[in-house]
Amino acid sequence: MAAPADQLATMDDDDRFDHPDFQERYEQRFAQYEKERQEKAARRQRAAEPPIDLASRCRR
């Protein structure tokens, strides 16, 4: 098992909590996740609506 110092040395800067922009990037990613989640929910809601019965709307 690697020592913690070795692990930190090999860790990508984007994954480090002590990176100066970590909080900002986290909040951006979270906002993007929430937006995608709402869009998916809206698509599911539209898909769940019953199709329009055009035959019943035709004039006789």
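1. Tyr 26 is partly exposed, with a relative accessible area of 45%, where partly exposed lies between buried, under 20%, and exposed, over 50%, with a 1.4 Å probe and protein chains only. This is a predicted model, in which local features need pLDDT of at least 70 and side-chain atom pairs count only at pLDDT 80 or more, while totals for chains, interfaces and linings use all residues. Residues are numbered from 1 along each chain as its sequence is written, and side-chain values use heavy atoms, with hydrogens and water left out.

2. A search of the whole structure finds four aromatic pairs, a pair being rings of Phe, Tyr and Trp (its six-membered ring) with centres within 6.5 Å, called stacked if the planes are under 30 degrees apart, edge-to-face if over 60 and tilted for the rest. Phe 17 and Phe 22 are edge-to-face, because their ring centres lie 5.1 Å apart and their planes stand at 90°. Tyr 26 and Phe 30, by contrast, are stacked, at 6.3 Å centre to centre with 15° between the planes.

3. What do Phe 17, Phe 22, Tyr 26, Phe 30 and Tyr 33 form? These residues make up one aromatic cluster. Within this group, Phe 17 is exposed, with a relative accessible area of 69%, and Phe 30 counts as partly exposed at 44%.

4. Arg 43 also has its place in helix H2, and with a relative accessible area of 45% Arg 43 is partly exposed.

Definitions and conventions
Helices (H or I, at least four residues) and strands (E, at least two) are DSSP runs, numbered from the N terminus.
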